[in-house]
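Please read them alongside the sequence and the structure shown here.

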Amino acid sequence: MTQTPKWYTKPYIEEVLFFCSLFVLIMLPELMKSINPTDLLKTFFFFAILYGQALLYRYFIFSLFIAKRYLLYGIETVVFMLLGTAVLLVADYFWLDPSYYKTEEDTLLDHYISHLVLSVISTSAILSIFLIRKYSTEVQKRNEAQLMLSEINIKYLHAQLNPHFFFNMFNNLYGVSLTDPTRTPELILKLSNLMRYQLENVNKDTVTLQEELAFINNYIAVEKERVGQRCAIEYHIEDAEQWATQYSIAPLLLITLVENAFKHSLTINRPWFIQIHVQIEKGKLQMQVQNSLPDEILKTNSTGIGLTNSKQRLELLYPRRYSLTNQKQEETYCTTLVLQLK
């Protein structure tokens, strides 16, 4: 749903607020003294003329520079400054402060040159402030758009992850129901606990690291029911200072690495093993998953959704704050994730 813009974000309101702020900033030393209300009003109109010149220059002359019409821009700049200075001098001479010119010994040309210098400096300064303000606004809009796109991508990836996880789990359930039907009810109960975690955290941005590691522990328990004693499984957490309770992590970010280890490690000719080691230090998580390589005839087809999903989520949620490496040896495959925690 599109949000209604705030009243103070409308262009003309911003312009008025910017004008008033700039005037108060310039007049602050005078406002701290006792100043005549009439003189303050005249100064206000004098500044309004200067600001109006900068405004007209910004909209009608500077656009030629943006369009790279440099010759026309130069000519119109000179003409605009000469005419603008004339208007400023006439207003000052006949209305704002005529008494000043009666007592001054400088010629009218001297006054014109001084007003020309003032017009050039004030227009340049106000234009520079405007360009800085506009650049800042554009950067903010670009960042907001990027953030919105990232949030959409994260929600999409999270939505993808849930069906992928359940697809693997029901495959496990199907396998157990064929080999040992008596264990199926117990496995269904454990699977329901995993599903509950999914449902409770589907709309959360983060969960505690302790909750995520407990979820992995439950997942491993379900997998043990499926593989029995055929696979040597180790799951070790090194967290002497109990950092897991103090840091948060995106839900279901680590499970894919564990899933892949179980899915792509089956071997008959060699020992079948999976070793998961988690080390938590202050502000950093290191997770190493090492598993046996599958026999050629036992390799399973993989959609690659889970791992691709995890990499994309890491890039969106933890840019420049993680490293994910894979190392394949003769009989083992090792994946290491190092993550700077939030």
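1. Helix α2 passes helix α3 in a right-handed crossing (right-handed if the near helix is turned clockwise from the far one by less than a right angle, left-handed if anticlockwise). The model is predicted: local features need pLDDT of at least 70 and side-chain atom pairs count only at pLDDT 80 or more, while totals for chains, interfaces and linings use all residues. Residues are numbered from 1 along each chain as its sequence is written, and side-chain values use heavy atoms, with hydrogens and water left out.

2. The two helices, α2 (residues 37-66) and α3 (residues 70-96), pack at about 165°, with their axes 10 Å apart; axes are lines fitted to C-alpha atoms over the stretch in contact, and angles run from 0 to 180 degrees between N-to-C directions. The pair is therefore roughly antiparallel (the term applies to angles over 145 degrees). The residues of this contact comprise 20 nonpolar, 4 polar and 3 charged; Ala, Val, Leu, Ile, Met, Phe, Trp, Tyr, Cys and Pro count as nonpolar, Asp, Glu, Lys and Arg as charged, and the others, Gly among them, as polar.

3. Overall, the chain has 9 helices and 7 strands, taken as DSSP runs (helices H or I, at least four residues; strands E, at least two) numbered from the N terminus. Of its 342 residues, 35% are buried (under 20% relative accessible area, with exposed over 50% and partly exposed in between; 1.4 Å probe, protein chains only).

4. The largest nonpolar core contains 44 residues, and I249, V258, L285 and M287 have the most contacts inside it. Such a core is a set of buried Ala, Val, Leu, Ile, Met, Phe, Trp, Tyr and Cys residues joined through side-chain atoms within 4.5 Å. Elements supplying at least two residues each include α5 (108-179), α8 (255-263) and β5 (284-292), while α7 gives the most, with 8 residues. V258 touches I216, Y219, I220, I276 and M287, leaving aside residues up to four places away in sequence; contact means heavy atoms within 4.5 Å. A second, separate core of 9 residues includes Y57, I61, Y73 and M81.

5. L252 is in the loop between β3 (248-249) and α8 and is buried, at 3% relative accessible area. R320 lies in the loop between α9 and β6 (322-328) and is exposed, at 80% relative accessibility.

Technical notes. Parallel < 35°, antiparallel > 145°, perpendicular 65-115°, else oblique.
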